[in-house]
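Here is a briefing for a reader who is meeting this structure for the first time. Look at the sequence and the model, then read on by topic.

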Number of protein chains: 2
Amino acid sequence: MREIKIGLLGLGVVGSGVYRLLSENGDFMAQKTGSRLTIKKILVRDLGKPRPVSVPDGTLTTRAEEILEDPEIEIVCELMGGIEPAKSYILSALSAGKHVVTANKAVLAEFGPEVFQAAEAADRGLFFEAAVGGGVPIIKTLRESLSANRIQTITAIVNGTCNYILTRMQESGLSFKEALVEAQKLGFAEADPTLDISGMDSAHKLALLATLSYGSFVPAEKVYVEGIEGLEPLDLAFAKEFGFLTKLLAIAREKEGEVEVRVHPTLVPEGHMLSSVRLAYNAFLLKGDFVGEIMLYGLGAGAEPTASAVVADLLDAARLIISGAKPTSILYRETPLDIKPMPRIVSRYFFRFSAVDRPGVLSKISGILGKHGISIASVIQKGRQIGGSVPIVMLTHEAEESAVRKALSEIDKLDVVTAPTKLLRILED
Amino acid sequence: MREIKIGLLGLGVVGSGVYRLLSENGDFMAQKTGSRLTIKKILVRDLGKPRPVSVPDGTLTTRAEEILEDPEIEIVCELMGGIEPAKSYILSALSAGKHVVTANKAVLAEFGPEVFQAAEAADRGLFFEAAVGGGVPIIKTLRESLSANRIQTITAIVNGTCNYILTRMQESGLSFKEALVEAQKLGFAEADPTLDISGMDSAHKLALLATLSYGSFVPAEKVYVEGIEGLEPLDLAFAKEFGFLTKLLAIAREKEGEVEVRVHPTLVPEGHMLSSVRLAYNAFLLKGDFVGEIMLYGLGAGAEPTASAVVADLLDAARLIISGAKPTSILYRETPLDIKPMPRIVSRYFFRFSAVDRPGVLSKISGILGKHGISIASVIQKGRQIGGSVPIVMLTHEAEESAVRKALSEIDKLDVVTAPTKLLRILED
């Protein structure tokens, strides 16, 4: 039995989950794999803080050097979160010849090239299954199972908080605010939910998935982002009338050498696999040139699912240590990746116009759309009065984003239009 | 660039797909992984047969020794199907020190211990991602991503032919026969569909998944099997009235040290993730003690998805060759596995009784059910005459299979009952 010693950085929710998993299933895993993972030291900020797990005396430390400089420790497992000092510790661990397992999507999405190159230079493994999708093995699937495929599209629900809120708004007609408060009460949303609801968390994760899929670093700031804060139950209800559910999707798509990366609320046809993904679940729909469509689904957060992913990475790192194998490269692409600018993307659209209830309004609006080459697929106008104006809802055929932007800016200047037009994009088939 | 030479056994649908994938994406894979996979020889039965791929002169051979005895060939990729000579070739390749990639679920399900032990004795890798689920990475997910988990349940749609037929019966009211003929026309069912529609193919796949999950060989003949041949559109329609879709499920479940393994038509609640799996798609819903529920979904058959899985295995084998790592064991469990006998399983049930339309019938039937401790959750009796008798449909609360069998055998002997009762099981939450 080969024993492999691990240093844990952080003993918060996920760290405690990892500790508990190794305690409960360690024997079973050792029997299965022939190696035993032992946590030698755990870095914490406060030695006296009460913890959900009981740890042997002398395991906790407040000094990172006790882990980073201990030659017995072969794997450093970073679960502190945040950029610093997590990033410096990851780099130190790699340069000290340790393999690194991390769940830190922020460090990878913002400082990917630096961290990936440090791992490559040190010839050490860098594992981050838990950074995206909690327990769902999306990273390994992209790095290994689909490695013979060119990834054509990734269409994913990567933020459980947003999916929870949208599910509740959709199914029970709650307002965004009511759904958010409920999610916070149940622990599905943070006290400060900005990173989630703004779509930024999804953008970080999408950037990482695109980086893996295309072998070239995709910075999070290149991802076009719209959050869910502006969604109203009315929009979700109209979308439903047309047969769509509204989801915050992270989309990457390669076409003719260019890659689109965008996060925005999207209408998904009912009956589509992604439309069944409810509450705090995540799902990743991938399309490869040989595999066709596959989907992975599961809990994208929580101590236990995340611990499952972290420990799978620890086992992979252990295998690498035992075999002395060379870790695979992440940034393998030789030519730079072209990110398609948002104005050039093509989509079908959902518009909700707010207009005064007067003859000729529809003709004015559709005239402007026509002028910009945007053709209408269907319209609902019901004459319901909302604050003195009526909603007119349209679905379009495929149009270019730039044309749509121009048309809406003209339409929103019409004197019969009473509020900015609401725009949602429709998932491509 | 390290070149790794492969011998292919078989150049049928999947073999040609693998050949084409390596031709089309070989450069891209080499750039990504730093090693190049080259097919050196291909065993075929008939050198002159026209092929969908064009292969360099001298690559095809009818003599297996040219592959099995060639020291340059490091990986043997078996895609012939059938038991013999495939099994002998796999064993010869392993004992000649080659790694083996195979898509042959029949050999693994029937001769697992022999083949797994041969791989272990030879210290060579045995990879079989393509044996279950086509391009869906279910094998790697069980062997690696979930290896820190105890697998509590597997609930899967593993046969695309059956799912296609059931989807068509459900959605368009086709009879079993009409749906089968259509599936055959479209290439989703074989000319002789017995293996698929009897549930045996599903049983083979489930046995393999259970073997991986529990580390002990589960023979296919231990799997309880019912096929879909006896299903009538009427049953699917009644199930739908109660809010269920009917799917052929493969179920493995561990509880208190015993494992259930069974394949049968099962009622799945509408809105459940598995209920959205339509047509020829497969899906694997897994529950682990830490990861919770995760699902993998995709095309379970076809040249291209299967080639994606085979080539992922070739890349894994190549990594093993380059690193000299020890492959992981499959049969790691030390104590034998207890398979729970079918009479002791507990489920909720759907019954369709055929009875004469006469007062007191319902009371007789429910009296017998009550006597056996089976309690009724809901009933539909609509008085529709079908061949002189009316269908009475019931859903039960949880009951033991043995009690259900006894009760139905008594009920079917009643003079008011005109045909054997139809029994379907309901998916547990």
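Two residues count as being in contact when heavy atoms of theirs lie within 4.5 Å. This is a predicted model.

**Interface of chain B and chain A**

- Chain B and chain A bury about 4,800 Å² between them. Carbon and sulfur atoms account for 57% of that area.
- Three residues supply 17% of the area that chain B buries against chain A: Lys32(B), Phe290(B) and Tyr332(B).
- The contact takes 48 residues from chain B. It also takes 48 residues from chain A.
- The rule finds four salt bridges across the interface of chain B and chain A.
- Glu144(A) and Arg319(B) form a salt bridge. Their closest N and O atoms are 3.8 Å apart.

**Helix 6 and helix 10 of chain B**

- Helix 6 of chain B covers residues 160-172, and helix 10 of chain B covers residues 233-241. Their axes come within 9 Å and cross at roughly 70 degrees.
- That angle makes helix 6 of chain B roughly perpendicular to helix 10 of chain B, because angles of 65 to 115 degrees count as such.
- Helix 6 of chain B passes helix 10 of chain B in a right-handed crossing.
- Helix 6 of chain B brings Leu166(B), Met169(B) and Gln170(B) to the contact. They meet Pro233(B), Leu236(B) and Lys240(B) in helix 10 of chain B.
- By class, the residues of this contact are four nonpolar, one polar and one charged.

**Helix 12 and helix 13 of chain A**

- Helix 12 of chain A spans residues 361-371, and helix 13 of chain A spans residues 401-413. The axes come within 9 Å and cross at roughly 155 degrees.
- Angles over 145 degrees count as roughly antiparallel, so helix 12 and helix 13 of chain A are roughly antiparallel to each other.
- The crossing of helix 12 of chain A with helix 13 of chain A is right-handed.
- Ile365(A), Ile368(A), Leu369(A) and Lys371(A) belong to helix 12 of chain A.

**Helix 4 and helix 9 of chain A**

- Helix 4 (residues 105-122) and helix 9 (residues 200-214) of chain A pack at an angle of about 35 degrees. Their axes are 8 Å apart.
- Helix 4 of chain A makes the contact with Lys105(A), Leu108(A), Ala109(A), Glu110(A) and Phe116(A). Helix 9 of chain A makes it with Asp201(A), His204(A), Lys205(A), Leu208(A) and Thr211(A).
- The residues here divide into four nonpolar, two polar and four charged.

**Backbone features**

- Most peptide bonds are trans, and most residues other than glycine have a negative phi.
- In chain A, a cis peptide bond joins Glu84(A) and Pro85(A), with omega about 5 degrees. Pro85(A) lies in the loop between strand 4 (73-78) and helix 3 (86-95) of chain A.
- In chain B, a cis peptide bond joins Glu84(B) and Pro85(B), with omega about 5 degrees. Pro85(B) is in the loop between strand 4 (73-78) and helix 3 (86-95) of chain B.
- Asp123(A) is not a glycine, yet has a positive phi of about 55 degrees. Asp123(A) sits in the loop between helix 4 and strand 6 (126-127) of chain A.

Technical notes
Residues numbered from 1 in each chain as written. Chains lettered and ligands numbered in written order. Predicted model: local features only at pLDDT ≥ 70, side-chain atom pairs only at ≥ 80, totals over all residues. Heavy atoms only, no water. Axes fitted to C-alpha atoms, helices over the stretch in contact; angles between N-to-C directions. Helix = DSSP H or I, 4+ residues; strand = E, 2+ residues; numbered from the N terminus. Parallel < 35°, antiparallel > 145°, perpendicular 65-115°, else oblique. Left-handed = near helix turned anticlockwise from the far one by under 90°. Nonpolar A, V, L, I, M, F, W, Y, C, P; charged D, E, K, R; others polar. Buried area = accessible area lost by both parts, 1.4 Å probe. Salt bridge = Lys/Arg side-chain N within 4 Å of Asp/Glu carboxyl O.
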